[in-house]
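Please look over the sequence and the structure shown below, and then work through the questions that follow.

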Amino acid sequence: METLVIGLTIFVLAVFVGFEVITKVPPTLHTPLMSGTNAISGITIIGALLSAGSGHTALTTALGTAAVILATVNVVGGFLVTHRMLAMFRKKD
């Protein structure tokens, strides 16, 4: 029970800090930060694959699989947004 409370406390603090950091980012820094978070999500995919393939319990496999799917969607969506934003700065022929 104590571990659950500690985990929930860390989660709530992470959500709060993440929200505060993201809302303070100016629009000019959005594209470089999006690229950086795509790299972090790539690392998340590796961890999720390890968790999904560990075979400890059905729960770890299910959560690992969900994490792989969500992290992949995040990476692909981030690259699409970054590509679209960078296209706005290209010269028109």
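Predicted model: local features only at pLDDT ≥ 70, side-chain atom pairs only at ≥ 80, totals over all residues.

Residues are numbered from 1 along each chain as its sequence is written, and side-chain values use heavy atoms, with hydrogens and water left out.

Q: Which pattern does the protein chain follow along the sequence?
A: Helices (H or I, at least four residues) and strands (E, at least two) are DSSP runs numbered from the N terminus. The protein chain has three helices and zero strands. Read along the sequence, its pattern is therefore α-α-α.

Q: What is the radius of gyration of the protein chain?
A: The radius is taken over C-alpha atoms, and the globule rule is 2.2 Å times the number of residues to the power 0.38. For 93 residues that rule gives 12 Å, and the protein chain is well over this, so it is more spread out than a compact globule, with a radius of gyration of 17 Å.

Q: How far apart are the end C-alpha atoms of helix H3?
A: Helix H3 covers residues 58–87, which is 30 residues. The expected span of a helix is 1.5 Å times one less than its number of residues, and for helix H3 this should be 44 Å. The distance between the end C-alpha atoms agrees with that, at 43 Å.

Q: Is Ser41 buried or exposed?
A: Buried means under 20% relative accessible area, exposed over 50%, and partly exposed in between (1.4 Å probe, protein chains only). Ser41, which lies in helix H2 (residues 30–53), has a relative accessible area of 7%, so Ser41 is buried.

Q: Which residue joins its side chain to that of Ser41 in a polar contact?
A: A polar contact is a pair of N or O atoms within 3.5 Å; within protein, one must be able to donate a hydrogen and the other to accept it, and residues adjacent in sequence count only if both atoms are side-chain atoms. At 2.7 Å, the partner of Ser41 is Asn74.

Q: What is the C-alpha to C-alpha distance between Val68 and Ile45?
A: Val68, in helix H3, counts as buried at 18% relative accessibility. Val68 is in contact (heavy atoms within 4.5 Å) with residues including Ile45, leaving aside neighbours within four places in sequence. The two are 23 residues apart in sequence, and their distance in space is 5.4 Å.
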